[in-house]
Amino acid sequence: MLGLSLQIVLNGVTTGLVYVLMALGFTLIFGIMRVVNFAHGELYMAAAFAIYVLNGKLGWNYVPAIVFSVAFAGLLGSVLERVLFRRVIGNEFNCMILALAVSIALQSVALIAFGPDEVGAPRPVTGVLRLGPAVIPADRLFVGGMAMLLLAAFYVFLNKTHLGLMMRAVAQDAEIAALHGIQPKLIHTAAFGIGSLLAGAAGALMAPVYTVFPYMGELPMMKAFIVVVLGGLGSLPGAVIGGLLLGIVESAFATMLGTTVAALVAFGVVVAIIAIRPEGLMGRRA
Amino acid sequence: MTGVLEVSGLSKRFGGLTAVDRVSFTTDAGELFGIIGPNGAGKTTLFNLVTGTLRPTAGRVRFRGENLAGLRPDAVARRGIVRTSQATTIFREASVLDNLRRAHLLRTLHQPARLLGRGVRAAELAAAEAGAKEILQLLALDRFASQKARELPYGSQKLLGLGIALATRPRLLLMDEPAAGLNSSETDALADLFRRLRAERGIDIVLVEHDVRLIMSVCDRILVLNYGRAIAIGRPEEIRANPEVIEAYLGGADELA
Amino acid sequence: MARRIVFAVLALAAVGWPFLVENRYLTHIAVLVTISMTLALSLNMMLRIGQLSVVHAAFMGLGAYTSALLSMRLGLPFLLAFPAAGLLVAAIAAALGPVFLRVKGVYFVLLTFALGEGIVLIFQEWVSLFGGNNGIYGIPKASLLGFAMSTPRAYYLFGLCLAGIAFLVAVRIFRSALGAVLDSLNENEDLSQSLGVNARSYRVCVFTVSGFFAGLGGSVYAHYTSFLSPEAFSFWTLVDLLVINVVGGIASPIGPVVGAILLVPLPELLRDAKQYQMLTYGLLLMTFVIFLPSGIVGGIRDLRRRRRT
């Protein structure tokens with residue numbers, strides 16, 4: 001019993017950390033720009049394909065491949081903001097439609113370039129680790145570890161660097177931040193870039209774990225939604241707590257009742273939360 | 001005797017900040033009641049609590065004996081409490097006359113069920129038209145009748161906001177800084193208007209204001225808020241002489257004179 | 001007056017052309033156009049009150065499956081199954097509306113997304129009722145009072161009527177007193193509420209009516225194609241409807257009508273290149289949202305207004 005619980009928790013935390021990465025990126029973009037980036041999952045996918053191509057097809061070493069893939073996602077995000085989202089930022093409705101459009105366009109580009117079939121990216125680590133009675137694949141552990149490192153780096157960035165502090169100021173109150181000389185436009189591009197970078201990191205890390213295909217971003221996007229709803233749109237600590245919570249709960253349900261039930265339960269929870277307390281556990285009103 | 005608006009022990013806390021702290025007062029029928037206080041004293045929050053825009057952390061609000069707890073803003077409005085606020089209380093894209101006409105019509109169209117099987121009959125449209133014109137005259141906005149609301153000068157926009165509120169035939173009018181941005185002659189006209197509204201239409205008015213001169217000249221009783229607490233309540237002369245009030249308005253003491 | 005003549009001529013042409021041009025393929029596409037038009041109009045009602053609802057494809061599916069099952073399992077004639085489908089979806093919309101419409105903006109999108117995906121998931125997993133991923137075959141053809149509708153032309157005329165009714169309802173809703181209230185809510189909700197308008201009731205009303213038409217459209221679809229699978233009601237179908245609205249123009253019901261006529265035949269022409277179709281839709285949406293957010297119809301109106309002044 002302990003073994004099973006430990007297994008569930010370990011699985012849940014490693015998956016949950018990935019959800020946290022996705023959710024953080026998503027909620028960062030929303031918190032600073034009030035943009036709901038439906039294309040967030042496609043940045044996950046873009047980085048996954050990038051590492052598949054670089055590490056898998058072109059034979060690059062893992063380290064430069066993943067760095068490049070993650071940077072690629074961040075850059076793509078920044079470009080999307082600068083060229084597209086900036087033009088509709090006043091209007092929430094149009095923003096959402098644009099985000100949907102970008103999502104569709106990116107998916108179809110991937111479809112055209114790579115076809116609909118699933119492909120595999122090479123694994124950087126193999127084997128399993130035994131933690132007492134629980135068994136955990138080494139690659140999952142690797143993903144979890146890297147995710148934690150990234151989260152720590154992100155935390156440092158947000159609290160100790162100049163740009164990070166400026167972002168937090170803009171998230172709190174854009175007008176006052178402007179009065180202090182902070183350029184919102186620069187912050188917006190940076191926020192979109194960093195949010196996308198986090199999604200890309202999730203995608204590049206997860207690419208070897210399952211398979212890579214054009215629609216792979218949809219599920220993580222949904223998970224990010226759920227986490228963000230749980231934790232509150234715009235709340236960073238909420239995203240962390242929500243992500244871990246979702247990972248563990250899902251792991252428990254999936255292990256015991258199967259993935260379909262887990263999915264339906266997740267849906268039900270989302271609906272209940274939005275209907276009863278849209279701000280989530282820790283968020284503020286949108 | 002049940003007052004018109006009874007507020008008892010009303011409090012609102014936002015996280016660690018107490019915006020309104022156990023405020024109690026009761027307004028009398030036919031009274032012009034004023035609320036003053038320095039910036040951040042909680043005046044607007046208090047209004048929001050009464051109209052249902054915010055939920056109180058503690059305390060009660062009763063209007064004509066009926067408890068307003070938990071009612072949403074539209075439900076509160078249907079009971080006859082209408083407010084004007086500093087923010088947009090006009091339909092910017094519509095003409096002035098349209099604004100008032102719409103306000104009249106909206107008064108009867110609270111729920112979609114009222115539309116079942118009839119739509120809006122000609123008689124109602126005519127009544128709305130007449131009512132709109134009447135308010136135009138009352139507020140001396142006739143010359144703007146066909147202009148878009150957003151093209152009006154600021155002071156007139158505020159008047160229009162007041163007109164919209166009047167169109168709904170309120171029993172109690174809550175006005176949040178109606179004189180903000182008005183010059184002294186406009187403010188005097190406003191004061192006259194308030195007296196007329198009370199005398200001719202029997203509308204009770206509660207006024208939140210920064211312009212102490214206006215409040216002192218037109219209100220029967222005044223409540224003074226500071227840091228969310230009620231520090232004094234009474235007639236203008238009493239308030240003027242109250243040392244706590246004078247201290248709260250440190251630096252603005254000459255305003256009270 | 002001139003407008004009425006134009007309208008009458010167009011209506012006549014719309015009804016008459018399949019009798020003159022006896023092309024089965026064209027008529028088939030026209031049927032799909034009318035069905036999409038009805039669905040797009042139902043979505044348009046929600047878009048016009050500023051709510052991006054992404055559940056309407058699933059609503060269509062609900063109507064389709066309901067109509068199919070009622071006629072196959074209970075032997076109900078089309079004349080009963082058809083309205084029943086619409087009413088069932090309307091009932092669901094009316095039941096969920098008060099909860100869902102508590103929220104606006106992105107939260108509403110998320111809610112309707114969850115609902116839509118949930119409904120499709122049920123289509124896929126409840127195999128005994130809905131046939132799972134294999135769907136339902138052999139849905140009986142519709143028949144109206146003894147006249148079996150067996151040709152595309154029959155379905156086209158029926159679909160055209162339905163679309164016409166949906167169009168008229170959409171126009172009436174927004175021109176009437178209801179429309180005035182909805183406009184007020186759209187323009188300044190806080191003010192409208194402070195004047196006593198119950199915003200949520202009004203939105204639920206629109207949601208219910210739009211659900212009704214989505215269900216009806218689904219029913220026609222079911223009896224026309226005789227085959228249903230959950231895939232037909234996925235998020236992608238909704239994206240189609242959204243593109244139709246954005247390209248045509250959201251502000252007026254004419255928008256989705258024009259959009260449907262322009263966009264529905266397109267995939268039939270680009271049949272082999274589905275991924276290119278997706279890319280086209282994505283780019284279309286992007287272009288219109290950025291450069292012509294009021295759509296074609298809205299754009300024309302703006303042009304005329306500018307020329308007048």
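# Notebook: chains A, B and C

I began with chain B: 43% of its 257 residues count as buried. Buried here means 20 or more other C-beta atoms within 10 Å of a residue's own; exposed means 12 or fewer, and partly exposed lies in between, with C-beta atoms placed from the backbone. The model is predicted, so I noted the limits: local features need pLDDT of at least 70, side-chain atom pairs count only at pLDDT 80 or more, and totals for chains, interfaces and linings use all residues. Residues are numbered from 1 along each chain as its sequence is written, while chains are lettered from A and ligands numbered from 1 in the order in which they are written.

**Entry 1: chain B overall**

I looked up the secondary structure of chain B and found 10 helices and 10 strands. Helices (H or I, at least four residues) and strands (E, at least two) are DSSP runs, numbered from the N terminus. I then turned to contacts, where two residues qualify if their C-beta atoms, placed from the backbone, lie within 7 Å. Among chain B contacts between residues at least 6 apart in sequence, 66% join residues at least 24 apart.

**Entry 2: the sheet of 4 strands**

I traced an open sheet in chain B with the order β2-β1-β4-β5 and antiparallel pairing. Strands pair if DSSP finds at least two bridges between them. β2 (17-26) and β5 (66-67) of chain B are at the edges with a single partner strand each, so one side of each has no neighbour in the sheet.

I went through the pairs in turn. β1 (residues 5-14) of chain B joins β2(B) over 6 bridges, antiparallel. Within that pairing, B:L10 has B:V23 as its bridge partner. β1(B) also pairs with β4(B), antiparallel, over 5 bridges. There B:V7 stands opposite B:V61. β4(B) and β5(B) run antiparallel and share 2 bridges. B:F63 stands opposite B:E66 in β5(B).

β4(B) and β5(B) form a hairpin with 2 residues between them, and B:R64 in the turn has a positive phi of about 50°.

**Entry 3: the sheet of 6 strands**

I found another open sheet in chain B, ordered β6-β7-β8-β3-β9-β10, with mixed pairing. β6 and β10 (229-234) of chain B stand at the edges, each with a single partner strand, so one side of each is left without a neighbour in the sheet. The twist averages 15° from one strand to the next. β7 (residues 172-176) and β8 (residues 204-208) of chain B run parallel, joined by 5 bridges. B:D176 is opposite B:V208 in β8(B).

**Entry 4: B:K148**

I located B:K148 in the loop between α4 (122-138) and α5 (154-167) of chain B. B:K148 is partly exposed, with 15 other C-beta atoms within 10 Å. B:A94 is 54 residues away from B:K148 in sequence, yet 5.4 Å away in space, C-alpha to C-alpha. Not counting residues up to four places away in sequence, B:K148 touches B:E93 and B:S95.

**Entry 5: chain contacts**

Which chains have the most contacts among the 2 pairs that touch? Chains A and C do. 31 residues of chain C are in contact with 32 residues of chain A. On the chain C side, α5 (105-125), α11 (235-248) and α14 (274-291) each supply at least two residues. α5(C) has the largest share, 12 residues. By class, that side has 23 nonpolar, 5 polar and 3 charged residues. Ala, Val, Leu, Ile, Met, Phe, Trp, Tyr, Cys and Pro count as nonpolar, Asp, Glu, Lys and Arg as charged, and the others, Gly among them, as polar.

I also found 24 residues of chain B in contact with 20 residues of chain C. α3(B) gives the most to the chain B side, with 5 residues. Chains A and B do not touch; their nearest C-alpha atoms are 12 Å apart.

Terms used:
Axes fitted to C-alpha atoms, helices over the stretch in contact; angles between N-to-C directions.
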